[in-house]
Amino acid sequence: MAAAGGDAQADYVLGLDLGTTSVKAVLLEAGPRREPLMPTASASQATRADVFPSGEAGSEGREQDVHRILWALNECLGALPAWQLRRVRCIGVSGQMHGVMFWNGSHACTWEQRGPHGVFEPQRVSHLVTWQDGRCSSSFLASLPRPESHLSVATGFGCATIYWLSRHSPEFLGPFSAAGTIQDYVVAMLCGLQRPLMSEHNAASWGYFSTERRSWNTRILEESGFPTRLLPDVAEAGAIAGTTAHEWFGIPRGTKVGVALGDLQCSVFSCMSQSTDAVLNVSTSVQLAASMPPGFKPAERPEPSDPVAYFPYFGRTYLGVAASLNGGNVLATFVTMLARWMADLGADVAEGQIYEQMIRAALTQTDTQLTVSPTLLGERHLPDALASVSSISPAALSLGHVSRALCRGVVRNVHTMLPSQRLQEWGVRRLVGSGSALARNEVLRQEVERAFPLPVSYGRDVDAAAGAALAMLRESAAGGS
């Protein structure tokens, strides 16, 4: 946690980000003219929420325990200054996109007093099926109806997962009356919503949503047997979802809560100071995004082989995005592999220590002929792609060579998806780096500066949480409701 004081008479905006591996919270002070200042306090907590799915999903499934995610959220709130939380006037929430969880609207949480604070605990909720889920094979996706949307549907997308469950485990969906992302669930519980409200950011990330009409492809879904009763209502990004139904960690009852936003859009919103900026976010995955000009409209039908997709942003504008599935998760997999190899050899070394040594070794190895294609999880436009290593020689087998090549591969992969030339054709003049993996890995930063012939600056590790707070602050200043 980092804190920088704060004015005892000021009001604050709370920003939350429920990510794939951690939860982050940040408090922003609002100036006299409702201008955002630097964060006065922040907190981060690893979730360690991954669980092994049961049933037919098998090894391809990727699920998380919602109770663990909410535990991490409570830890973050408990670490922030209580006197600032009592002066929070609005809450912005972002989180990992594409995923889906299920709950019963009338029995989805219990509120209780924990010491001086009111908190809520999940009740009768499913696991979160995350964006990394691989249960929907290429043949299964090909069996689904074609969406009326400019965005393709991929495995790990909410609607694809619901289709899979309705065909393979229809009894599983029976007890539930609501579905949404993890951030939609948190907002619904805070506001006491019986039916979740989802922003166009998260709706588009599920698939089968028209961003131009701002509506689900209801007819297509109903005709193909999709349980449309589970679809959330949709609101414009930046809208107010409601107000807190209970006191929450000292935050007063009746505090405004924004509809949950996408973590990508919030990271961009926090970092992009000029329309000529592009934002490279490297966390669990990687996104490279630039704003499209006002009035831009994507093609009505997607081109599944195109690595660039157009995601809704704010104010009916779009971001051009290369969203790679392979980022910090690839580095983490490499570290886990090394730890297991060492355990097999009788040495017990913590993964954190291995990661630090890996970075140190790569910093001493400034170049390498070794080439790593890091697509362990494939890509949405190349779902059957696998990782590979080439140009192997006896001189390039050290930890430094392999670590340098792996970091370079992660950066070059997203650069291949959205090259510098295309960014410059869009008018991009500067690259802003953000995300937890980029913040803690100097080798990745070196490779970013090597790959992109643009001036590069860096944001903070809490950019998505800060972006959610800034979006709420802007809405509050505009008098939104």
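A crossing is left-handed if the near helix is turned anticlockwise from the far one by less than a right angle, and right-handed if clockwise. The model is predicted, so that local features need pLDDT of at least 70, side-chain atom pairs count only at pLDDT 80 or more, and totals for chains, interfaces and linings use all residues. Residues are numbered from 1 along each chain as its sequence is written, and side-chain values use heavy atoms, with hydrogens and water left out.

**Exercise 1.** Describe the crossing of α1 with α6.

Solution. The axes (lines fitted to C-alpha atoms over the stretch in contact, with angles from 0 to 180 degrees between N-to-C directions) of α1 (residues 66-79) and α6 (residues 182-191) cross at roughly 65° and come within 12 Å. Next, the handedness: α1 passes α6 in a right-handed crossing. Finally, V66, I69, L70 and L73 of α1 meet I182, Y185 and V186 of α6, where contact means heavy atoms within 4.5 Å.

**Exercise 2.** Determine how α11 lies relative to α15.

Solution. Helix α11 (residues 351-364) packs with helix α15 (residues 442-451) at an angle of about 40°, their axes being 9 Å apart. That angle makes α11 oblique to α15, since angles under 35 degrees count as roughly parallel, over 145 as roughly antiparallel, 65 to 115 as roughly perpendicular and the rest as oblique. The contact is made by I359, A362 and L363 of α11 together with E442, V443 and Q446 of α15.

**Exercise 3.** Find which helices the buried residues of α10 pack against.

Solution. The buried residues (under 20% relative accessible area, with a 1.4 Å probe and protein chains only) of α10 include L331, F334 and L338. The buried residues of α10 pack against α11, α12 (399-417), α14 (436-440) and α15.

How values were computed
Helices (H or I, at least four residues) and strands (E, at least two) are DSSP runs, numbered from the N terminus. Buried means under 20% relative accessible area, exposed over 50%, partly exposed in between (1.4 Å probe, protein chains only).
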